[in-house]
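The entries follow in the order I made them.

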Amino acid sequence: MSLNVEHHEPRVLPSEKPIRLLDNAGHALRGRETGGFELPPVERLLDLYRRMVVARRFDVQVTALTKQGRLATYPSAYGQEACEIGVVSAITADDWLFPTYRDSIALLTRGLEPGEILQSFRGDWHNGWDQHEHRTAAMATPLATQALHAVGLAHAARLRSDPIVTLAYLGDGATSEGDAHEAFNFAAVWQTPTVFLVQNNQFAISTPIARQTHATTLADKAVGYGMPGYHVDGNDVAAMFAVATAAVDRARSGGGPTLIEGLTYRIESHTNSDDPTRYRAARDVEHWKRRDPIERLEKYLVSEGALTDDVRTAIAEAGEALAARTRDAMSVSPELDPLELFDHVYATPRTALAEQRAALEAELAAHSEHAREEVAAR
Amino acid sequence: MSTPVTEPATDAAASAPQPLTMAGALNAALRDAMAEDDRVVVYGEDVGPLGGVFRVTDGLQAAFGEDRVWDSPLAESGIVGTAVGMAMYGLRPVVEMQFDAFSYPAFEQIVSHVAKMRNRTKGRVSLPMVIRIPCAGAIGGVEHHSDSSEAYWAATPGLTVVMPSNPADAYSMLREAIDSDDPVVFMEPKSRYWSKAELALPVRTAPMNRAEVVREGTDVTLIGYGPTVRTALDAAAAAESEGLSIEVVDLRSLSPFDDETVGASLRKTSRAAVIHEAAQFGGYGAEVAARLTERNFFHLAAPILRITGYDIPYPSPKLEEHYLPTPDRVLEALASWEWDLA
């Protein structure tokens with residue numbers, strides 16, 4: 001493999017009007033607006049619909065549990081289901097996903113269980129799943145840092161001739177970070193099989209996109225790195241899936257990275273500790289609620305006769321079952337062993353750390369002895 | 001000096017002793033590690049055809065090809081961040097930061113990801129990588145070329161931080177760092193790159209997490225690491241003529257700290273001073289003095305001294321001689337103790 005690939009994309013800016021395959025009324029579009037992408041087959045769209053509906057049920061359930069105090073925090077992706085589900089559905093089980101903290105619902109598609117996904121938000125441990133088993137990295141909190149991990153892992157796989165693709169999720173705010181720039185540039189220079197999804201939900205906590213960039217679209221940035229960029233309607237799951245599938249195929253066949261911007265909207269607050277009334281108008285939220293990604297696809301599927309009552313019932317039941325599993329998982333508090341805090345810091349044991357572990361162990365023993373005495377005294 | 005021992009069985013046949021600089025020893029270590037383990041890849045700024053600005057990677061790309069050794073874009077966070085992904089996939093990246101002060105863009109990746117990955121994944125994901133950082137000053141470098149960043153790394157749980165002071169340790173410790181399942185910040189004192197030793201490769205010295213008594217003495221323990229081991233040895237030699245017997249300990253590892261070896265030396269001499277180039281306030285010497293005092297207070301005849309750079313930004317080349325701790329400054333500092341009370 002040569003690391004000096006001669007590769008030049010046409011220097012064309014992404015269209016300012018987002019690529020769209022279904023309009024808000026659920027009508028299939030033709031012509032320029034589609035960017036030349038084909039509407040995925042109806043069976044695929046039905047599968048995406050099912051995943052989005054189930055994901056939303058999960059998201060709503062977790063937000064409710066968080067308000068009840070079961071979780072320390074939960075960054076909701078309500079309204080972003082088309083981006084979250086559409087793009088992750090374009091990769092295979094062998095590929096790797098590098099998510100952020102807002103991407104819980106994408107992890108459902110990777111086969112993760114609610115208890116695994118939410119372990120860190122509940123405050124049990126920083127990362128709750130086996131990254132290699134699910135080929136899904138830990139959620140990154142420091143913005144854009146995970147994009148570099150995705151590029152590095154993709155490069156390592158390529159050096160080993162493994163035909164896998166890495167998918168990095170970022171938000172609009174993260175594109176201002178230096179690591180986003182470095183990841184885009186490294187990926188393009190090394191021609192790694194990486195797809196970057198920027199979910200432009202128009203807010204970084206409270207800061208609107210206009211204060212984040214002066215570029216016409218975030219996808220414009222791709223051109224400067226010498227990779228293709230696509231500006232897509234992030235509430236059109238058909239478009240998100242079609243564009244992502246093309247990007248994944250391209251990456252897998254040696255064509256290098258792609259930057260996809262999904263234009264969407266964060267319906268919920270940043271997290272439960274946020275107060276969006278301080279920085280945006282309710283009418284704006286209502287405007288975007290009328291562009292709901294699930295309703296849009298639903299209209300199309302109904303018009304195609306694909307959404308029978310049986311299918312609706314089955315999907316609703318799957319959503320309720322997942323919600324119940326989520327409630328169950330969050331209703332039991334696992335026994336946490338404070339001494340485990342010392343167990344995974346280094347592969348090579350350290351004397352000083354063993355001493356600190358022993359000190360905490362003695363402290364815990366003294367506490368429980370004290371508690372026993374108090375009980376005895378009563 | 002630590003006593004080099006050769007290990008003929010595990011590595012390639014031992015060569016005849018040859019004069020080798022520290023840069024040459026590091027180069028040989030990379031070469032041998034790469035020959036032995038094809039998971040080892042080397043990349044960073046100018047490490048390919050140029051062989052690195054200090055020539056530590058000289059000839060490696062020609063020997064192993066561009067898939068094993070390559071020039072990356074000029075971005076330190078990108079270098080370390082991509083190394084995280086590579087290590088997750090099973091490679092053992094050895095990346096170069098070119099100079100201490102240029103490693104700071106990688107600070108977030110190192111502190112937030114490299115150091116924490118093993119812990120946050122309950123040991124399921126290790127990041128076996130080596131971050132090589134040419135460190136410290138005394139080379140007449142212009143601004144931003146002579147920082148001492150060791151305290152930042154040593155203060156970060158999850159990192160292993162080592163600094164060799166001589167060619168034999170440079171070879172042995174770099175081999176060990178590459179073999180380690182823990183991420184290692186491998187600091188290379190620039191002013192020692194051209195120091196020479198007769199070495200028969202492959203040389204193996206003490207394990208990299210151990211300090212070493214490199215000169216025995218009875219009156220004072222001087223604690224140095226990297227460039228200041230030479231300073232301590234020179235001070236000890238000068239003091240000998242005045243009847244002062246100085247023991248010198250080369251820390252070698254800053255994290256973990258070898259309490260056992262250093263504590264034993266201190267309990268023998270009952271007096272100690274730690275020497276480093278970095279500024280004093282909040283510097284690594286503060287940790288050394290504090291933990292030695294906590295553990296050995298009743299063996300101490302005098303407060304543990306820190307003989308360090310001043311609390312100022314690293315000076316310009318023509319003024320750095322006034323900043324760096326010298327053997328004279330070390331001996332002056334030792335004279336400040338109330339020796340009669342001993």
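This is a predicted model: local features need pLDDT of at least 70, side-chain atom pairs count only at pLDDT 80 or more; totals for chains, interfaces and linings use all residues.

**Entry: chain A overall.** I began with the secondary structure of chain A. It comes to 14 helices and 7 strands. Is the chain compact or extended for its length? I found a radius of gyration of 23 Å for chain A, close to the 21 Å from the globule rule for 378 residues, so chain A is as compact as a globular protein of that length. I also took the box along the principal axes. The C-alpha atoms of chain A fill roughly 80 × 55 × 40 Å.

**Entry: chain A, burial and contacts.** What share of the 378 residues in chain A is buried? I got 46%. I then looked at contacts in chain A between residues at least 6 apart in sequence. Of these, 76% join residues at least 24 apart.

**Entry: where the chains touch.** I turned to the contact between the two chains. It takes 37 residues from chain B and 35 residues from chain A. Which element of chain B gives the most to the side that touches chain A? I found helix 3 of chain B, with 9 residues. The elements giving two or more residues to that side are helix 3 (76–88), helix 4 (107–114) and helix 5 (117–120) of chain B.

**Entry: annotated domain in chain B.** I checked the UniProt record, an unreviewed entry. Its annotation "domain: Transketolase-like pyrimidine-binding" covers residues 20–195 of chain B. I computed the make-up of that span as 36% helix and 17% strand. The end C-alpha atoms of residues 20–195 lie 8 Å apart.

**Entry: a helix pair in chain B.** I picked helix 9 (residues 259–269) and helix 10 (residues 284–296) of chain B. At what angle do their axes cross? I read roughly 65 degrees, with the axes coming within 11 Å. Angles of 65 to 115 degrees count as roughly perpendicular. Helix 9 and helix 10 of chain B are therefore roughly perpendicular to each other. I logged the crossing of helix 9 and helix 10 of chain B as right-handed. On the helix 9 side I listed B:Asp259, B:Val262, B:Gly263, B:Leu266 and B:Arg267. They meet B:Arg291, B:Leu292, B:Arg295 and B:Asn296 in helix 10 of chain B.

**Entry: cis peptide bonds.** I looked at omega in chain B. A cis peptide bond joins B:Leu201 and B:Pro202, with omega about 0 degrees. I placed B:Pro202 in the loop between strand 9 (196–199) and strand 10 (203–204) of chain B. The bond from B:Ser255 to B:Pro256 is cis, with omega near 10 degrees. B:Pro256 sits in the loop between strand 14 (253–255) and helix 9 of chain B.

Entry: Where does A:Gln191 lie? I found A:Gln191 in the loop between helix 8 (178–190) and strand 3 (194–200) of chain A. A:Gln191 is buried, with 23 other C-beta atoms within 10 Å.

I then went to B:Ala136. This residue, not a glycine, has a positive phi of about 65 degrees. Its place is in the loop between strand 6 (130–135) and helix 6 (150–154) of chain B. Is B:Ala136 buried or exposed? I counted 30 other C-beta atoms within 10 Å, so B:Ala136 is buried.

Key
Residues are numbered from 1 along each chain as its sequence is written. Chains are lettered from A and ligands numbered from 1 in the order in which they are written. UniProt positions are given in the numbering used here, feature names are shortened, and annotations may be inferred rather than shown by experiment. Helices (H or I, at least four residues) and strands (E, at least two) are DSSP runs, numbered from the N terminus. The radius of gyration is taken over C-alpha atoms; the globule rule is 2.2 Å times the number of residues to the power 0.38. A residue is buried if 20 or more other C-beta atoms lie within 10 Å of its own, exposed if 12 or fewer, and partly exposed in between; C-beta atoms are placed from the backbone. Two residues are in contact if their C-beta atoms, placed from the backbone, lie within 7 Å. Axes are lines fitted to C-alpha atoms, for helices over the stretch in contact, and angles run from 0 to 180 degrees between N-to-C directions. Angles under 35 degrees count as roughly parallel, over 145 as roughly antiparallel, 65 to 115 as roughly perpendicular and the rest as oblique. A crossing is left-handed if the near helix is turned anticlockwise from the far one by less than a right angle, and right-handed if clockwise.
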